[in-house]
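Dear colleague,

I am handing over the structure below. My notes on what was found in it follow.

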Amino acid sequence: MLTNAIVFGSLIIALVYFIAWFVRRDFREQIERPKHRFQDQVEEYDSQLIQQENKS
Amino acid sequence: MSSKLSSAPNSADSFADKLVDTGLVYAHSMAALGTLFLAVIFGIIVSLQFFMPEIGAESSVFTWGRLRYAHTQGIMLGWLGNAFLAFLYHAVPILTGKPVSSRVLGRWLFGLWNFIVVLPGFVLVLAGYSQPIEWAEFPLSIDVFVIVGFILAAIQFLPGFFRPGLDDLYVSSWYIIGGLVFTLLAYPMGNIIPEIVPGAESAAFGGLWIHDAVGLFVTPLALAILYFVIPAATGRPIFSHFLSMFGFWGLFFLYPLNGTHHYVFSVIPMAAQLGAIAASALLGVIVVIVVTNLLLSLRGSGWIPKDVGLRFVVMSIVFYLIVSIQGSFQAQMSLNQAVHFTDWVVAHSHLAMLGFATFAGIGGIIHAWQRIPWARYNVKALNWSFWLLVLGIGIMFTDLTLAGIVQANLWLSGAPWLDSVQASKPYWVIRTLSAIPITGGFIALFVGLVTGPRGTGAKAIKLDSKQQSSLEVRPRLASTSFAKELGVASSEHILRMSYLAASVAGLTFFAVSVFLLGYLPGRVLDQQISLMTPAYVLRPSVSEQRGRAIYAREGCAYCHTQQIRYTEADIKRFGAPTLAWEGQFDFPHLWGTRRIGPDLARAGSTRSTDWHLLHLYSPRAVSPLSIMPSYQSLFDDAPDKPKQEAYDLLAFIESLGRAREIAWPDGDVAARELYLQDRWALMSFDAPLLNAHPNKTQPKGEFPEFGEAATPEVGQQLWTENCVSCHGESGQGDGPAAEWLQPRPANLVEHEYSSDSVADVLWNGVEGTSMSAWRDMAPQNLAALIKVVQGFSNVGSVIDVNANELSLGEEVYTDNCIQCHGLSGDGNGFATSELPVAPTDFINQRSSVAQSISVLQNGIDGSSMAPWNDRLSVDEMMAVTFYIREFYND
């Protein structure tokens with residue numbers, strides 16, 4: 001009973017997630033967006049850091 | 001450290017310090033290394049004590065158990081806690097685009113974490129104030145401040161994630177939020193609930209915390225580092241944010257459901273065990289997905305990236321994959337019944353904490369360090385650090401895994417316990433040697449962070465960014481149609497909805513795990529306890545309760561389990577599996593998760609009092625191969641001068657298994673009827689020697705045929721390893737333990753024994769003495785020992801005994817000896833049942849004349865044999881000596 005709940009619970013979470021990803025292109029884009037934004041943030045931080053180091 | 005906080009060169013003016021509090025990154029990194037060195041030193045001493053157990057024996061502070069407590073808590077809270085905080089001070093401002101809540105709060109948190117939690121925690125556990133709960137060994141007074149620390153950390157780091165204008169969250173942010181929030185929930189659950197629910201229920205919650213400590217604290221924050229450093233160092237986004245979020249939810253759903261896999265084959269309801277086993281297997285699948293995503297994110301960077309921080313991260317991913325797959329497999333029943341409690345599990349936990357988490361922590365620190373403009377940076381030393389640590393951890397993991405396999409095989413084979421200890425020693429030596437490269441690696445890490453020119457780390461960033469930027473491909477950003485379709489104006493609203501959904505889902509996951517693996521099993525166990533408990537169960541006495549506290553304080557449960565599992569090997573070796581009611585007075589449980597020594601659940605009444613006292617004072621005096629630490633601080637300089645604490649500890653040990661033993665048969669008969677359909681419960685009722693330890697000393701009389709003897713060499717080796725400590729090398733009863741034992745061990749030179757007599761003693765032990773039963777030895781080995789024992793005999797021969805002397809001897813014997821030794825000399829007189837030590841059986845044992853006279857003159861201390869020199873003349877003593885020799889019939 002408990003084992004079934006865990007296994008099927010996991011499968012349902014996985015299925016919902018993957019179906020949404022396959023069916024919805026905008027979901028795919030939406031969910032991938034944070035990695036690009038993070039990339040911008042981290043590179044901006046590094047570039048400003050390096051610029052300041054170069055000045056000093 | 002604190003001076004660095006205020007004296008960082010131009011720190012207030014630098015770009016980095018406007019967003020990131022580099023002083024706190026520096027301070028927590030140094031504190032991490034400081035506590036790491038302390039924890040490693042504790043670990044090295046502990047590892048040395050496996051084969052040099054006398055190290056620190058004279059001090060109560062440096063006993064194995066206390067150092068082990070300090071070692072694990074130092075690694076988790078001191079080293080990893082500080083390393084994660086250092087990383088958070090760097091990462092959170094970049095992830096949120098704003099500084100952390102308060103620099104002042106940061107200094108308070110630093111002070112609290114290191115000077116109110118970690119250092120006092122070390123001092124208290126070494127001073128004997130602790131709680132015997134795995135990964136929760138700091139005392140409850142410290143736990144309060146750990147919780148305050150997590151609350152302060154949440155206030156410090158989390159508000160930025162909820163600021164207006166932030167319209168999505170990167171996966172590292174999710175892990176940071178999840179890690180801090182759920183540790184805040186899990187920590188009190190794991191540290192406090194096991195103290196207030198008994199035995200098996202306490203273990204169920206303890207098991208939850210063991211896995212939550214790794215799954216909700218260490219793993220999320222380590223993964224936050226991996227997901228942060230990889231794109232930052234390679235200059236490219238991770239492969240799939242979708243997969244990373246899939247992994248996030250999978251891990252947070254499944255990790256807390258793993259807890260009960262620490263107690264497979266226990267009395268905790270099988271449904272909870274199977275659920276945890278299934279969750280463990282599924283977790284392995286999720287980790288494969290997570291690791292695949294991480295490795296794909298590294299594509300093009302090579303297996304050994306030039307960036308040292310990234311290199312540590314790559315190795316952390318490799319360790320994470322290995323340790324997770326290993327964890328999934330070792331939770332499965334077929335493997336678990338063999339390797340659980342062995343060094344296999346110790347290898348697993350070291351790979352998790354010292355491999356995966358430590359490499360992630362170092363990767364995070366180095367990455368942040370490169371971005372502190374005023375910090376020194378010595379890349380050569382950091383390279384050395386990497387390779388030394390990989391080497392050391394590789395050796396340790398391989399070595400302990402092999403040791404675990406060896407131990408598992410010996411335990412399954414039924415070989416005597418000390419065989420596994422003996423076989424493990426070479427592996428334990430290698431484990432200690434692996435500390436050389438590991439310590440060298442940590443020293444090199446320290447050197448790498450405090451030497452070299454300032455700002456060299458930033459130059460490394462510039463170089464790498466230039467190298468990697470050409471590879472970067474930016475997909476277009478998301479459209480807003482998804483937001484519109486969901487009926488919200490912007491993706492910022494989606495984030496708000498995500499927070500809500502995540503909070504509800506996350507809390508539900510955590511609550512589900514506590515409900516399914518803690519509360520529900522607790523209800524079932526409560527029911528079992530109420531139905532199966534015998535009508536009258538002795539509550540522990542005050543002395544036993546004090547002894548239990550000493551047992552807990554000294555970490556005895558970390559070498560000796562108190563849970564006999566529902567496995568054939570356990571039942572055969574330790575007796576009937578543990579039932580829930582047996583631990584109804586145990587707050588918290590002392591089940592343990594490792595067996596270096598044997599299980600003690602039924603240890604009561606298996607040894608004599610003076611054996612126990614000598615064993616506590618000087619374990620190798622009675623058991624030469626034992627590696628148990630000496631507890632001389634419980635005595636006034638001699639084993640026969642125990643302090644009250646030694647008596648209390650002894651009282652507790654003697655109480656182990658007592659309730660079950662005296663419950664037989666009534667308690668079990670009633671319980672069996674109630675649980676006829678429960679095959680696990682029935683295993684507990686059908687154990688061969690129902691309620692006692694299988695090796696318990698028992699009345700003389702019955703023993704099996706031992707068959708053909710092993711070789712004389714084997715016999716001699718067994719003698720040296722097991723018998724010399726009491727009987728002496730030449731069998732004269734003058735081993736190092738002899739003077740502390742009453743009655744003294746037999747002088748085998750002065751006696752002649754029949755084969756049956758020796759077999760009887762070896763199989764059953766001798767009640768009332770320190771001679772224990774050796775039924776755990778293979779029959780052919782016992783047969784070999786019989787030959788060794790008989791080989792010592794040199795009783796000489798008696799000539800010229802005349803009829804008058806024999807007649808006088810018979811008269812003396814009839815008047816004075818038959819009450820105990822019996823008319824026929826078989827040691828079975830009518831008074832025998834009242835005597836603590838059975839009288840000598842003269843039919844199967846013959847003493848030399850000198851020995852007999854000595855016994856008649858002096859009696860035998862510790863037995864009912866009194867001196868007879870005030871009642872018998874020399875002639876009478878001589879005559880009865882001759883007479884009893886006539887009984888002997890080999």
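At roughly what angle do the axes of helix H5 and helix H6 of chain B cross? The axes of H5(B) (residues 103-127) and H6(B) (residues 140-157) cross at roughly 160° and come within 10 Å. Axes here are lines fitted to C-alpha atoms, for helices over the stretch in contact, and angles run from 0 to 180 degrees between N-to-C directions. Helices (H or I, at least four residues) and strands (E, at least two) are DSSP runs, numbered from the N terminus.

This is a predicted model, in which local features need pLDDT of at least 70 and side-chain atom pairs count only at pLDDT 80 or more, while totals for chains, interfaces and linings use all residues. Residues are numbered from 1 along each chain as its sequence is written, chains are lettered from A and ligands numbered from 1 in the order in which they are written, and side-chain values use heavy atoms, without hydrogens and water.

Helix packing

H5(B) and H6(B) are therefore roughly antiparallel to each other (angles over 145 degrees). Their contact (heavy atoms within 4.5 Å) includes Trp113(B) and Pro120(B) from H5(B), and Phe145(B) and Phe157(B) from H6(B). By class, this contact has 17 nonpolar, five polar and no charged residues. Ala, Val, Leu, Ile, Met, Phe, Trp, Tyr, Cys and Pro count as nonpolar, Asp, Glu, Lys and Arg as charged, and the others, Gly among them, as polar. In the loop between H5 and H6 of chain B lies Trp135(B), which has a positive phi of about 60° although it is not a glycine.

H7(B) (residues 171-196) and H9(B) (residues 241-254) pack at about 10°, with axes 10 Å apart. These two helices are therefore roughly parallel (angles under 35 degrees). Among the residues in contact are Trp174(B) of H7(B) and His241(B) of H9(B). The contact divides into eight nonpolar, five polar and no charged residues.

Cis peptide bonds

One cis peptide bond joins Phe587(B) and Pro588(B), with omega about -10°. Pro588(B) is in the loop between H20 and helix H21 (609-617) of chain B. Another cis peptide bond joins Gln742(B) and Pro743(B), with omega about -5°. Pro743(B) sits in the loop between helix H28 (724-727) and strand E1 (751-753) of chain B.

Regards

Key: Angles under 35 degrees count as roughly parallel, over 145 as roughly antiparallel, 65 to 115 as roughly perpendicular and the rest as oblique.
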